[in-house]
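Please look over the structure shown below before reading on. The briefing that follows takes up its parts topic by topic.

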Amino acid sequence: MASIAMAASLRTFLRPHRCRLLLRQSRSLSASAAPPGAAAASTVIRRSVVEVLRERGLVEATTSESLGSASASPRELKAYCGFDPTAESLHLGNLLGLVVLSWFRRCGHNAVALVGGATGRVGDPSGKSAERPELNLAAVETNSNAIKSLIGQILDRAPEPSQHSQSGKNLNLEQNEQALVNSGEKMGSFQILDNYDWWKDITLLDFLKEVGRFARVGTMIAKESVKKRLMSEDGMSYTEFTYQLLQGYDFLYMFRNMGVNVQIGGSDQWGNITAGTELIRKILQVEGAHGLTFPLLLKSDGTKFGKTEDGAIWLSPKMLSPYKFYQYFFSVPDIDVIRFMKILTFMSLDEIQELEESMKKPGYVPNTIQRRLAEEVTRFVHGEEGLEEALKATEALRPGAQTQLDSQTIEGIADDVPSCFLPYGQVLKSPLVDLAVSTGLLASKSAVRRLIKQGGLYLNNIRIDSEDKLVEEGDVVDGKVLLLSAGKKNKMVRIRASHVPASVDRAQMTTLVGPEISARFVTQNTTIRFWWVWDCCQGYK
Ligand SMILES: Nc1ncnc2c1ncn2[C@@H]1O[C@H](COP(=O)(O)OP(=O)(O)OP(=O)(O)O)[C@@H](O)[C@H]1O
Ligand SMILES: N[C@@H](Cc1ccc(O)cc1)C(=O)O
């Protein structure tokens, strides 16, 4: 239960005259924060962030027309988007929120990403046909921390309007971004907040008195998220019914205390967003709070990209490698690629249009646009390093690639490629035809032989021409792995290190395996080498 002091401060802020005072303060603060060059920039015709978003297909609805005019001057707006910590990572659908926040920043406004440490414990009924399972507190905390760190990294990578694309070509800035660059203004800032920080101190009595009293049950029941659920067999719990007011109050709290005046979200968030603008109007008795929703990103089967279905496109590299993330975009169908480019990248619309036209020209190499899309989105989500990792892995897994494979690259994609563990002794000197079958790459030796004849079998990306090929020591990359490929189907063979003995005496090893191998052992005393030698030892025995 809340401290008395907190309850008192809540009451204080809810007094209308005080709120108006605070609002005036925050307005004048943002005006005085404008850098000296800003005046010159006003001679350039700016388009508002809302126009920019609309042109890219990122606006489904706004709560008020006045958002457009308010958004024309930099620093006028502070937009927030909330994410409940219901998983350890955000997913592709959530990326839209981060992209839209980044557009606000690129157009000179500030942004807040809010992690729902409190709302995550309640569960948003929007778009859900049944009550969400309750999350335990430890999971909420782990997920919140992971999501905060992920959001921080991604928002940090939003390219500044003045930046150039990888190709060195100017990014062809949107008009108002160009104005910012000309005036020397910086991109807007961002903050990451957690709504548990205020909810933890608010008592039920405070809430009922200060917020509940202003909410109309009729309006709440009319929200799409509630209407649908009330018609279902299980109905809806009081807890989930309250969700819209929690989110509504978040907006009010940040509007009052932090100058946040826009809430954005997917179109499923409309009811919760308007709950916020209504509370602000009723309780604080001020206008000036806006909502903006963007269309939900849907899969080809019409279902929403989310976290609850199989094969989610996670943004955290721990849950989906940059390689797989990159591959997803590389394989986007032609029909979706331009739309994805508009909504998920910061490339200018002119450049996107040029690319779209190039697709229709004779000689267009399939997937050229997808490659660019994959690069742009992977760079934003996983950074330059993640993109490099993805490109390296893509190349490594391309049969016939000329690149020298190293075990680090191959191990880096271990989770993305079917793999099996085999003892070194079983791999060394074994006929490749046998290995291709025992690893499960192909079903029979005759199938392997046929493939070799057709030129489709590769060992470490090198085409195998002979059916009699034996695996040599040099084929096992860094003594750890080898990569077999049947056309585009890859299979990684990893050398098993599981039966490494707890201790082997080096002198004993020398006598067992001879000086040459023992010398390797001395210089490369790693677990794998250790095992490698041990396996040879067994061979020598
Ligand atoms: N496919 C999507 N397209 C656009 N926005 C999305 C998509 N999925 C989620 N969002 C938006 O991301 C924000 C956070 O949503 P949230 O964390 O609840 O994810 P969720 O995908 O709705 O969760 P779940 O899969 O559990 O339903 C909201 O603004 C929501 O509208
Ligand atoms: N309700 C949002 C998350 C959110 C939480 C708190 C907010 O104040 C805003 C948004 C969602 O689940 O998708």
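## Domains, core and selected residues

In this predicted model, the protein chain is divided into domain 1 (49–160 + 186–298), domain 2 (321–397) and domain 3 (407–496). The centres of domain 1 and domain 3, taken over C-alpha atoms, are separated by 50 Å.

**The nonpolar core**

- The largest nonpolar core has 69 residues, and the residues with the most contacts inside this core are Leu-95 and Phe-329.
- Helix α6 (residues 92–106) supplies the largest share of this core, namely 9 residues.

**Helix packing: α16 with α19**

- Helix α16 (residues 322–330) packs with helix α19 (residues 368–396) at an angle of about 150°, and the axes of the two helices are 8 Å apart.
- Since an angle over 145 degrees counts as roughly antiparallel, α16 and α19 are therefore roughly antiparallel to each other.
- The crossing that α16 makes with α19 is left-handed, and, sorted by class, the contact of α16 with α19 has 14 nonpolar, 6 polar and 3 charged residues.

**Helix packing: α14 with α15**

- Helix α14 (residues 238–258) and helix α15 (residues 270–284) pack with their axes 7 Å apart, and the angle in this case is about 55°.
- The relation of α14 to α15 is therefore described as oblique, and the crossing of α14 and α15 is right-handed.

**Residues with a positive phi**

- Asn-460 is not a glycine, although its phi is positive at about 50°; Asn-460 is placed in the loop between β8 (457–459) and β9 (462–463).
- With a relative accessibility of 12%, Asn-460 counts as buried, because buried means under 20% relative accessible area.
- Asp-478, which is not a glycine, has a positive phi of about 55°, and Asp-478 lies in the loop between β9 and β10 (481–486).
- The relative accessibility of Asp-478 is 41%, and Asp-478 therefore counts as partly exposed.

- Gln-370 is found in helix α19 and, with a relative accessibility of 1%, Gln-370 counts as buried.
- Gln-370 and Ser-331 are 39 residues apart along the chain, while the C-alpha atoms of Gln-370 and Ser-331 are separated by 6.8 Å.
- Leu-349 has its place in helix α18 (residues 349–360), and at 19% relative accessibility Leu-349 counts as buried, given that the cut-off for this class is under 20%.
- Between Leu-349 and Lys-307 there are 42 residues of separation in sequence and 30 Å in space, taken C-alpha to C-alpha.
- Lys-227 lies in helix α13 (residues 224–231) and, with 41% relative accessibility, Lys-227 counts as partly exposed.
- Along the chain Lys-227 and Arg-121 are 106 residues apart, and the C-alpha atoms of Lys-227 and Arg-121 are separated by 22 Å.

Methods: Residues numbered from 1 in each chain as written. Chains lettered and ligands numbered in written order. Predicted model: local features only at pLDDT ≥ 70, side-chain atom pairs only at ≥ 80, totals over all residues. Heavy atoms only, no water. Axes fitted to C-alpha atoms, helices over the stretch in contact; angles between N-to-C directions. Helix = DSSP H or I, 4+ residues; strand = E, 2+ residues; numbered from the N terminus. Parallel < 35°, antiparallel > 145°, perpendicular 65-115°, else oblique. Left-handed = near helix turned anticlockwise from the far one by under 90°. Nonpolar A, V, L, I, M, F, W, Y, C, P; charged D, E, K, R; others polar. Core = buried A, V, L, I, M, F, W, Y, C linked by side-chain atoms within 4.5 Å. Buried < 20%, exposed > 50% of the residue type's maximum accessible area, 1.4 Å probe, protein only. Domains from an automatic or database assignment.
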